[in-house]
Amino acid sequence: MVATTTTTTRRFLLFNSLLLLLLLLLTTTTTTFARRLHESEAEAEAEEIVEGSELDQDVETADEQQPSSQEEGGGKLIRFDVGMLDGEDLPTTGSFVVRTRPDWAPIGVERFEELATVNFWEGCRIFRVLPNFVSQFGINGDPSVQSRWMKNLEDDEVKTSNVRGTVTFATAGPGTRTTQIFINTADNEFLDGMGFSPIGEVVSGMDIVDRFYSGYGEGAPSGNGPAQYKIQSEGNSYLEKDFPLLSYFLTSSFV
């Protein structure tokens with residue numbers, strides 16, 4: 001009887017031990033599986049965050065690489081084709097492009113673009129070319145056309161400097177801008193304090209601008225170059241006769 005009880009007790013203890021071992025293994029396996037599942041989910045979330053960051057970075061990079069019209073001032077591109085570069089006849093031609101900047105000078109830009117729209121610039125001579133200072137143009141070769149554009153413009157505030165490549169209306173004092181334009185071929189910051197407000201900038205072709213014929217020098221009466229009042233009254237017939245080497249605009253067009 002005692003032997004039977006002992007044997008039963010041993011079997012009971014062995015069974016309990018095996019059961020505990022099984023429970024321990026099951027618990028360990030479950031914990032490991034849960035930990036690995038959690039780690040996998042965490043890694044997946046981390047990958048999603050990284051990929052999202054890279055996507056955001058790509059979007060930001062694309063935005064940085066694509067200039068907006070606001071960054072460019074919201075202006076327009078106008079191409080000028082020029083003949084008689086260096087005072088030589090065809091085929092010595094070239095082109096330059098001006099970007100208008102209404103954020104600098106909205107009143108002046110409106111007039112400049114309007115003149116381009118009606119082909120005002122075609123045939124105009126660049127009648128005053130002073131190297132390392134300015135190249136000036138803007139009196140139409142037909143006096144009847146020029147007379148229609150003599151209404152003075154209100155002044156624009158000077159918001160940027162007259163550095164090389166900027167395009168500015170010529171004036172005879174406050175409130176006197178009409179159609180005459182000059183391109184700064186040097187840094188002329190001293191003009192800023194005199195009320196000369198740039199309306200745009202040459203964005204390509206400054207090498208062409210530097211080739212405008214300059215042999216006639218300053219205009220009359222200060223120099224031997226063309227007299228502006230005679231250009232306005234006689235037009236290109238005066239310039240072609242007395243100043244035949246002047247560079248001039250063949251065409252102008254919006255790009």
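# Buried residues, strands and cores

User: Where does Tyr 248 lie?
Analyst: Tyr 248 lies in strand 8, residues 248-254. A strand here is a DSSP run of E with at least two residues, a helix is a run of H or I with at least four, and both are numbered from the N terminus. This is a predicted model, in which local features need pLDDT of at least 70, side-chain atom pairs count only at pLDDT 80 or more, and totals for chains, interfaces and linings use all residues. Residues are numbered from 1 along each chain as its sequence is written, and side-chain values use heavy atoms, with hydrogens and water left out.

User: Why does Tyr 248 count as buried?
Analyst: Buried means under 20% relative accessible area, exposed means over 50%, and partly exposed is in between (1.4 Å probe, protein chains only). Tyr 248 has 17% relative accessibility, so Tyr 248 counts as buried.

User: What does Tyr 248 touch?
Analyst: A contact means heavy atoms within 4.5 Å. Not counting residues up to four places away in sequence, Tyr 248 touches Asp 81, Val 82, Gly 83, Met 84, Gly 123, Cys 124, Arg 125 and Ile 126. Tyr 248 and Trp 121 are 127 residues apart in sequence, yet 9.1 Å apart in space from C-alpha to C-alpha.

User: What makes strand 8 an edge strand?
Analyst: Two strands pair if DSSP finds at least two bridges between them. The 8 strands form an open sheet in the order 3-4-6-5-7-2-1-8, with antiparallel pairing. Strand 8 and strand 3 (128-130) each pair on one side only, and these are the edge strands.

User: How do you know that strand 5 pairs with strand 7 and with strand 6?
Analyst: The definition asks for at least two bridges. Strand 5 (residues 166-169) and strand 7 (residues 198-204) have 3 bridges, in the antiparallel sense. Strand 5 and strand 6 also pair in the antiparallel sense over 3 bridges. Val 167 has Gly 200 as its bridge partner in strand 7, and Thr 168 has Phe 182 in strand 6.

User: Which way do the residues of strand 5 point?
Analyst: Thr 166 and Thr 168 point one way, Val 167 and Phe 169 the other way, and all are buried.

User: Why is Asn 184 called buried?
Analyst: Asn 184, in strand 6, has 0% relative accessibility, so Asn 184 counts as buried.

User: What makes the pair Asn 184 and Asn 162 a polar contact?
Analyst: A polar contact is a pair of N or O atoms within 3.5 Å; within protein, one must be able to donate a hydrogen and the other to accept it, and residues adjacent in sequence count only if both atoms are side-chain atoms. The side chains of Asn 184 and Asn 162 make such a contact at 3.1 Å. The side chains of Gln 180 and Gln 136 make another at 2.7 Å.

User: Is Gln 180 buried or exposed?
Analyst: Gln 180 is in the loop between strand 5 and strand 6. The relative accessible area of Gln 180 is 10%, so Gln 180 is buried.

User: What makes a nonpolar core?
Analyst: It is a set of buried Ala, Val, Leu, Ile, Met, Phe, Trp, Tyr and Cys residues joined through side-chain atoms within 4.5 Å. The largest has 32 residues, and those with the most contacts inside it include Phe 96, Trp 121 and Phe 249. Helix 2 gives the most to this core, with 4 residues.
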